[in-house]
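Take a first walk through this structure. Have the sequence and the 3D view side by side.

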Amino acid sequence: MKTLSLLTSDNWHDYALLDSGNGRKLERFGPVTVIRPESEALWQPKLDAKAWEAAHAIYEYQGKGENWRKLKPHPETWMMSYQGLRFKAQLTPFRHVGVFPEHGAQWDWVAEHIKRSNEQPRVLNLFAYTGVASLAAAQAGAKVTHLDASKASVDWAKENQAASQLAPDSIRWIIDDALKFVRREARRGAHYEGIIMDPPAFGRGSQGQVWQFAESFPVLLQECRTILAPKPLFFLVTTYDTRASALMLANTLGDTLAGLPGELEAGEQTLREQSAGRLLSTSIYARWSTK
């Protein structure tokens with residue numbers, strides 16, 4: 001890897017970054033338009049105040065903490081689609097709506113590698129949340145294991161699987177701590193051709209295990225190396241931890257996969273504004289794949 005890349009998800013129809021600036025972003029998720037804080041957007045918005053005032057909801061500080069304030073009537077839940085997949089969206093107390101649109105390019109990349117395989121590859125998705133990456137992998141033909149420590153997130157992901165009309169046995173659902181599960185899979189002799197993970201800065205496992213990115217991430221990577229198939233297809237890591245860097249992800253993943261023939265890429269995941277075409281950085285990634 002010689003340079004860092006800017007990865008942009010431009011294949012959306014149900015999502016748009018309408019504008020950004022003054023520490024906020026104006027987004028359309030299907031029929032619902034929202035305003036959310038965005039620390040990267042230190043520039044000036046391009047759209048006028050009227051465009052921003054048309055939003056259905058804004059996420060903002062409300063005395064005792066942050067929460068949504070509804071500005072206009074909108075559905076409590078609604079459906080979105082991407083590349084033939086369907087999934088539920090709704091406003092949550094954690095600022096998001098159940099889908100991270102900047103990952104669209106990663107879903108396409110994962111699906112492309114799975115479709116190239118001559119057999120049905122096994123894919124492990126860790127910290128899998130509401131599961132659109134799992135859906136994309138299953139739709140492309142993989143046998144997917146989806147893991148998250150939150151039962152509510154896994155239940156949401158199951159709804160998305162049903163909405164996308166994927167075969168019930170295309171995804172195995174696991175509610176567990178990621179590191180604990182991977183170590184158990186290693187003892188069982190399990191192997192995966194593809195691994196996806198989006199570890200948080202901080203978290204707790206299903207039984208209260210503490211996850212601290214700087215301490216836990218390198219350990220998890222090494223454990224995942226033991227369950228990687230002899231002829232793997234890909235390994236994808238993304239994170240929103242503001243203390244991490246794309247170079248760190250690339251170097252750590254490169255060390256983990258040393259000796260395997262393949263290509264390593266890293267950089268920032270971005271969204272492109274409709275208003276001015278500016279790129280907004282949202283998170284970082286590193287990914288490895290066979291040629």
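Does Leu-221 count as buried or exposed? Leu-221 counts as buried, because its relative accessibility is 0% and the cut-off for buried is under 20%. Keep in mind that the model is predicted.

Leu-221 sits in helix 6, which covers residues 213-226. What does Leu-221 touch, leaving aside its neighbours within four places in sequence? Its contacts are Met-197, Phe-235, Val-237, Thr-252, Leu-253 and Thr-256. Asp-155 is another matter. Leu-221 and Asp-155 are 66 residues apart in sequence. In space, their C-alpha atoms are 26 Å apart.

Now turn to helix 3, residues 132-140. Eight of its nine residues are buried, so the rest of the structure largely encloses helix 3. The buried ones are Val-132, Ala-133, Ser-134, Leu-135, Ala-136, Ala-137, Ala-138 and Ala-140. After helix 3 comes Gly-141. The phi of Gly-141 is positive, near 120°.

Helix 3 has a partner to look at. Two packed helices are described by the angle between their axes and the distance between the axes. Helix 2 spans residues 104-116. The axes of helix 2 and helix 3 come within 8 Å and cross at roughly 25°. Angles under 35 degrees count as roughly parallel, so helix 2 is roughly parallel to helix 3. Their crossing is right-handed.

Which residues meet there? Helix 2 brings Trp-107, Val-110, Ala-111, Ile-114 and Lys-115. Helix 3 brings Val-132, Ala-133, Ala-136, Ala-137 and Ala-140. Nine residues of this contact are nonpolar, none is polar and one is charged.

Terms used
Residues are numbered from 1 along each chain as its sequence is written. This is a predicted model: local features need pLDDT of at least 70, side-chain atom pairs count only at pLDDT 80 or more; totals for chains, interfaces and linings use all residues. Side-chain values use heavy atoms; hydrogens and water are left out. Buried means under 20% relative accessible area, exposed over 50%, partly exposed in between (1.4 Å probe, protein chains only). Helices (H or I, at least four residues) and strands (E, at least two) are DSSP runs, numbered from the N terminus. Contact means heavy atoms within 4.5 Å. Axes are lines fitted to C-alpha atoms, for helices over the stretch in contact, and angles run from 0 to 180 degrees between N-to-C directions. Angles under 35 degrees count as roughly parallel, over 145 as roughly antiparallel, 65 to 115 as roughly perpendicular and the rest as oblique. A crossing is left-handed if the near helix is turned anticlockwise from the far one by less than a right angle, and right-handed if clockwise. Ala, Val, Leu, Ile, Met, Phe, Trp, Tyr, Cys and Pro count as nonpolar, Asp, Glu, Lys and Arg as charged, and the others, Gly among them, as polar.
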